[in-house]
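Me: I have a model open and want to learn how to read it. Can you take me through the features one at a time?

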Amino acid sequence: MPPFMKDELKKKEEQRLDEMQREIDEATSSENQNENEVANDTADNNEPPTDTGFYAETADDDAATVSFSAEGQFAAEAQRLSAKLQETESSLKRLRADFENYRRRTAKEKEELSDFVAQGILKDLLPLLDNFERAMVAEQTDAMAFQKGIEMIFTQFAEILKKNGLTQIDTTNVQFDPNFHQAVMRVENPELEDGTIVAELQKGYMAKGRVIRPAMVQVVGNG
């Protein structure tokens, strides 16, 4: 499991445990407060008019009954929270197992997809390799025919790259854009706006819409 995911799961688990502890503390505080209130009310309502042993004994019995009831409610609440905590821990374990299975599955799928793409590109390049071999074994008696053959191979190669998502970055009649161009030279030209591309020194390319090499250009800089 990636470190950031472990930290996130650990953080969530700690937060959940803190919340449960707060619930237990709040339940304990509430029960104690209720116990005190009930005890006070009982003492007030049953204050004996005369100092007799009967009323004192009755108040003690009532306080004991209230205390026993509060302890029972607290025990039930603690048991409920404990069961809830165990359920949360079980859910967290299942989540970890599911994530680990998902990570292994996606890693395998990415590897298989990468192999499939590589096989497709290599298959497209095989005709190009065949043409290069034919050009190398042919008698080089006709320079024009040889040049024409090389041009055909270049065109074929460019089509294969285009088929697999390669496109050339445009530098004709466009302003300099650092996302697509790399300025390596600046020239002064009062007739043109600053940042205008005046020459392409090396072609730039994108694959599936992402720049893999910016175009090296010469731009106008009059400042």
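Me: What should I know before starting?

Reply: This is a predicted model: local features need pLDDT of at least 70, side-chain atom pairs count only at pLDDT 80 or more, and totals for chains, interfaces and linings use all residues. Residues are numbered from 1 along each chain as its sequence is written, and side-chain values use heavy atoms, with hydrogens and water left out.

Me: How many helices and strands are there in the protein?

Reply: Helices (H or I, at least four residues) and strands (E, at least two) are DSSP runs, numbered from the N terminus. Here the protein has 3 helices and 6 strands. Along the sequence the pattern reads α-α-α-β-β-β-β-β-β.

Me: What share of the contacts is between residues 24 or more positions apart?

Reply: Contact means heavy atoms within 4.5 Å. Take the contacts with a separation of 6 or more: residues 24 or more positions apart account for 65% of them.

Me: How do I read burial?

Reply: Of the 223 residues in the protein, 13% are buried. For total area, the Shrake-Rupley method with a 1.4 Å probe is used; for residues, only the protein chains shown count as cover. The protein exposes about 17,000 Å², and carbon and sulfur atoms supply 54% of that.

Me: Which residues make up the largest nonpolar core?

Reply: The general idea first. In soluble globular proteins, nonpolar side chains tend to be buried together. A nonpolar core is a set of buried Ala, Val, Leu, Ile, Met, Phe, Trp, Tyr and Cys residues joined through side-chain atoms within 4.5 Å. In this model the largest one has 6 residues: Ile169, Ile197, Met206, Ala215, Val217 and Val219. Strand S6 (residues 215-220) gives the largest share of this core, 3 residues.

Me: What does Ile197 touch?

Reply: Leave out residues up to four places away in sequence. Ile197 then touches Thr171, Val174, Gln175, Phe176, His181, Val217, Gln218 and Val219.

Me: Which residues make the nonpolar surface patch?

Reply: Patches are made of residues with over 30% relative accessible area and no salt bridge; like charges are joined within 9 Å, nonpolar side chains (Val, Leu, Ile, Met, Phe, Trp, Tyr) within 5 Å. Leu113, Phe116, Val117 and Ile121 make a nonpolar patch of about 380 Å². Ile121 lies in helix H2. Ile121 is partly exposed, at 32% relative accessible area.

Me: Where does Leu125 lie, and what is it in contact with?

Reply: Leu125 lies in helix H2 (residues 53-137). At 25% relative accessibility, Leu125 counts as partly exposed. Beyond its neighbours within four places in sequence, Leu125 is in contact with Phe157 and Ile160.

Me: How many salt bridges does the structure hold?

Reply: Side chains of opposite charge can pair when their charged atoms come close. A salt bridge is a side-chain nitrogen of Lys or Arg within 4 Å of a carboxyl oxygen of Asp or Glu. The structure holds 5. One of them joins Arg103 to Glu100, with the closest N and O atoms 2.6 Å apart. Arg103 and Glu100 are 3 residues apart in helix H2, so about one helical turn separates them. Glu100 also meets Arg104 in a salt bridge (3.6 Å, N to O). Another pairs Glu200 with Lys203 (3.5 Å, N to O). Through shared partners, salt bridges join Glu100, Arg103 and Arg104 into one network.

Terms used. Buried < 20%, exposed > 50% of the residue type's maximum accessible area, 1.4 Å probe, protein only.
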